[in-house]
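Please look through both before turning to the notes.

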Amino acid sequence: MRNVGIIGVGYTPVFVSKRKDVNIPEMISEAVDAAFRNTKLTPDDIDAITFGNMQTFEGVNMPHLWAADHMRALDKPYMRIATGGTTGMSTLHSAYYHVASGLHDVVMAITWEKQSEGDSQVGLSGIVMPEAMVMVQHGMDLFGGKGMGAMGGGSTGAAAYQAMSYLHHSGADPEHIDKMAALERSNAALNPYAHLRKKTTVADIQATPFVSWPLRFGHTCPTSDGATVAIVASEEMVEKLADSVAWINGVGCATSDPATVNFIEGQITDPAEQEPARMASSKAYAMAGIKDPSKEIDMAEMYNGFAHQSLMWLEKLGLCKEGEAHKMLDAGALNIDGELPTNASGGVFSTNAIGASAMNRPTECALQIMRKIEGGHQIPKKIKNAVSHGWGGMFQYVTVTVLGDEPRHGQG
Amino acid sequence: MTFEMGEETREVQGTWDISTYKYLIDGAGMKLLVDSMKEKKIRGIKCPQCETVYVPGPTFCRKCYIDIDEVVEIGETGVVMSYAVEMADVRGNPLEEFRLTAMIKLDGADTWIIGTISGMDWHDARIGMRVKAFWVDEPVGSLADIDRFEAI
């Protein structure tokens, strides 16, 4: 396989609750234009395009095709990816495969969501509709909270089971979730491409109501409008076209059986076990020649719809031992100037244009490596290796991308 | 880079009519489960190879990828694997009465079901706590035949 690097990133000028001044293709094309501007490339330099967002969230189908001209995709190979919460990173992985395989040299990966135009709860409901229909038809009062099968309050409810299991097994306290939430929101305040940009204290978080114990409103992500584009290139084209690069040194993805709302066929997996995270990250580390991620990884961008997840993923991705993440938080190791800066961007927890959310993790790593961060959240130390992570599906699908300042390879 | 919001575009309301989709509802072990609940029993399916017991049972083992059909009876007691306390509904409106719901592994099963736990202060809930199912007086072969779980 060939070496592949990210040579440029484009964001919409803002990530906010409602972009009422532009429609969907207009909004996405802002990020496409920004990627061209930042790389000084033109559409003629692009060999193929990958495109990702959630199905049905905006009440539209096949947006990649009706927006093809806005994507500068006319006359090019063009593929849509939709893997749920991981869509953004799967779209990047697809672009990586296009180039690593030798079939294409320069590929643009486009990811977005414009949640204000749709209804995310309905979009999520579509995923569990067959399950919900079975339960309702067999006598279950889904939200009434009686007997067997109650759903537990939407996606936050299911995440609450995960959070409780994580707290129990790690020994962390609910206050650690408050603390992680405050850290990430304060990081987001420094990031011009974050949505919720307010310096936040633990007391601010603790003033928000509980949605489903142990999760508060202040532990949950917003719904955002925004788009992110990355351009990836082969080593040869990096030398020709780019003034800076972050290498994609390892990729991995894995699934388990559904770890939430899997009533029809019997759920068998703890939502906090997340074995796919171990499998995907082991594969990506091996590819990137990383033997001990807890020593060799310099920064982490974790996919966290909920604030407890940043801590949980650090353990699942081998960046610390089980039960150690909250101690690293207490010691300041996860701060922007700490030993393992985690979600310096503010994470999904502060900005969630879902289709772009798992893309913003590796693009943040790439810009940190290139030292091209806008705003105040540039990590001061040199980043040799970074790990980014995506999560979604039925709590059971994980993607991992390891990026580096140099091409590095192992046995993977 | 500075950004100024432009004028707002106009928008209209639209809906998707999803009422014509069809969902099959008796798949896998659902019928086995609700039929057994009519007798105040809980039945699942066991894999002969890895001995995993699924409730409700699928038609194949998800670990061995072989077809399975051995019906086994499961206990009505079990252990809380995780729990949550609903304090707001699915749209975020606060609930007047909090609801303690748990992921419960019934004795004899390897899978987890979700159940509502009644009769205790949620502050006292613990992972690892043992619970028992309580049935409605006249079961009809429905998931609602289990009225609630209580700590034992």
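The mean positions of the 17 positive and 27 negative charges of chain B lie 6 Å apart. Lys and Arg count as positive here and Asp and Glu as negative, with His and the chain ends not counted; each charge is placed at NZ of Lys, CZ of Arg, CG of Asp or CD of Glu. This is a predicted model, in which local features need pLDDT of at least 70 and side-chain atom pairs count only at pLDDT 80 or more, while totals for chains, interfaces and linings use all residues. Residues are numbered from 1 along each chain as its sequence is written, chains are lettered from A and ligands numbered from 1 in the order in which they are written, and side-chain values use heavy atoms, leaving out hydrogens and water.

**Overall shape and surface**

- Chain B has a radius of gyration of 21 Å, whereas a compact globule of 152 residues would be near 15 Å (taken over C-alpha atoms; the globule rule is 2.2 Å times the number of residues to the power 0.38).
- The C-alpha trace of chain B spans about 65 × 40 × 40 Å along its principal axes.
- Of the 152 residues in chain B, 41% count as buried (under 20% relative accessible area, with a 1.4 Å probe and protein chains only).

**Fold**

- Chain B holds 1 helix and 8 strands (DSSP runs: H or I of at least four residues for helices, E of at least two for strands, numbered from the N terminus).
- In sequence order, the pattern of chain B is α-β-β-β-β-β-β-β-β.

**The β2-β1-β3 sheet**

- In chain B, 3 strands make an open sheet in the order β2-β1-β3, with antiparallel pairing (strands pair if DSSP finds at least two bridges between them).
- β2 (53–54) and β3 (70–74) of chain B are at the edges with a single partner strand each, so one side of each has no neighbour in the sheet.
- β1 (residues 42–46) of chain B pairs with β3(B) over 5 bridges, and B:Gly44 has B:Val72 in β3(B) as its bridge partner.

**The β5-β6 hairpin**

- β5 (residues 94–106) of chain B and β6(B) are antiparallel over 6 bridges, with B:Thr101 opposite B:Thr116.
- The hairpin of β5(B) and β6(B) has 5 residues between the strands, and B:Gly108 in the turn shows a positive phi of about 100°.
- In β6 (residues 112–117) of chain B, 6 of 6 residues are buried.
- B:Trp112, B:Ile114 and B:Thr116 point one way from β6(B), while B:Ile113, B:Gly115 and B:Ile117 point the other way.

Methods
Buried < 20%, exposed > 50% of the residue type's maximum accessible area, 1.4 Å probe, protein only.
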